[in-house]
Amino acid sequence: MSVRKIGTYVVEEALGAGSFATVWQAVDPVLDAKVAIKVLAENWAQHEDVRRRFIEEARILRRIDDEAIVRVHVIDELEDGRPYFVMSLADNGSLSERLREGALPPTESRSVAMSVLDCLSVVHDFGVVHRDIKPANILIEEGNGRVLISDFGLARALDD
């Protein structure tokens, strides 16, 4: 069995796939840390506008660089030319996954809602509008339960 790699990262499993990209869980062998890697889908790789938006998403995340937002560590390209970026991993899944188990208790619902509002406040302070807030884009870190916002593919800078 061959080991699948993206750059120097060892891929463990797919975390999710959308129309434009797939997110993989991987391990950074140098730091011995789990990361998430978002890779532009093959069928969109030749579309310059989609490619530009994908890279802009990584740049927006990198520019915000706040603990309320998924952090980008690396932007690079696969051998086939498709861009990818390496991000922090929210290892407790998404709010969408959590809600499949049932409704949140009122105190937890309030806590998550307030955390999302705090995250959005940070995003807006950086002059960005997310435009795609939904449970699948709200991630939860294991252990501390911290809420993070992800998927800035539709985000726009306010000056745009």
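## An enclosed cavity

A cavity is here a set of points on a 1 Å grid over the protein atoms alone where a 1.4 Å probe fits but cannot get out, and its volume is the space filled by probe spheres set on the points, which are joined across faces, edges and corners. This is a predicted model, in which local features need pLDDT of at least 70 and side-chain atom pairs count only at pLDDT 80 or more, while totals for chains, interfaces and linings use all residues. Residues are numbered from 1 along each chain as its sequence is written, and side-chain values use heavy atoms, with hydrogens and water left out.

A search of the whole structure finds one cavity of 30 Å³ or more, and the volume of the largest cavity is about 30 Å³. Its lining, meaning residues that have an atom within 4 Å of a point, consists of R53, E56, E57, I60, F152, G153, A155 and R156. Helix α1, residues 48-64, gives the most to this lining, with four residues. By class, the lining of the largest cavity holds three nonpolar residues, one polar residue and four charged residues, where Ala, Val, Leu, Ile, Met, Phe, Trp, Tyr, Cys and Pro count as nonpolar, Asp, Glu, Lys and Arg as charged, and the others, Gly among them, as polar.

## Overall fold

The chain has three helices and 10 strands, taken as DSSP runs numbered from the N terminus (helices are H or I with at least four residues, strands are E with at least two). Along the sequence these elements follow the pattern β-β-β-β-α-β-β-α-α-β-β-β-β. The chain's radius of gyration is 16 Å, close to the 15 Å that the globule rule gives for 160 residues, so the chain is as compact as a globular protein of that length; the radius is taken over C-alpha atoms, and the rule is 2.2 Å times the number of residues to the power 0.38.

Along its principal axes, the C-alpha trace spans about 45 × 45 × 25 Å. Of the 160 residues in the chain, 42% are buried, where buried means under 20% relative accessible area, exposed over 50%, and partly exposed in between, with a 1.4 Å probe and protein chains only.

## Salt bridges

Side chains of opposite charge can pair when their charged atoms come close. Counting a salt bridge wherever a side-chain nitrogen of Lys or Arg lies within 4 Å of a carboxyl oxygen of Asp or Glu, the model has 11 salt bridges. One of them joins E67 to R146, with the closest N and O atoms 3.8 Å apart. This pair links distant parts of the chain, since E67 sits in the loop between α1 and β5 (72-77) and R146 in the loop between β8 (138-140) and β9 (147-149), 79 residues apart. R146 is partly exposed at 28% relative accessibility, and R146 also meets E141 in a salt bridge of 2.9 Å, N to O, in which E141 is buried with a relative accessible area of 12%.

Another salt bridge pairs E108 with R98, the closest N and O atoms being 3.5 Å apart. Here E108 belongs to helix α3 (residues 106-125) and R98 to helix α2 (residues 95-100), 10 residues apart, and the pair links distant parts of the chain. Both partners count as partly exposed, E108 at 31% relative accessibility and R98 at 22%.

## Individual residues

N137, placed in the loop between β7 (128-129) and β8, is buried, with a relative accessible area of 4%. Not counting residues up to four places away in sequence, N137 touches H130, D132, L148, I149, S150 and D151. R131 is found in the loop between β7 and β8, and its phi is near 70 degrees, a positive value in a residue other than glycine.

D32 likewise has a positive phi, near 50 degrees, and is a residue other than glycine. D32 occurs in the loop between β3 (21-28) and β4 (33-40) and is exposed, with a relative accessible area of 66%. S111, in helix α3, is partly exposed, with a relative accessible area of 41%. The C-alpha atoms of S111 and R146 are separated by 10.0 Å, although these residues are 35 residues apart along the chain.

Definitions and conventions: 1 Å grid on protein atoms, 1.4 Å probe; cavity = no way out; pocket = protein on both sides within 12 Å on 5 of 7 lines; lining within 4 Å. Contact = heavy atoms within 4.5 Å.
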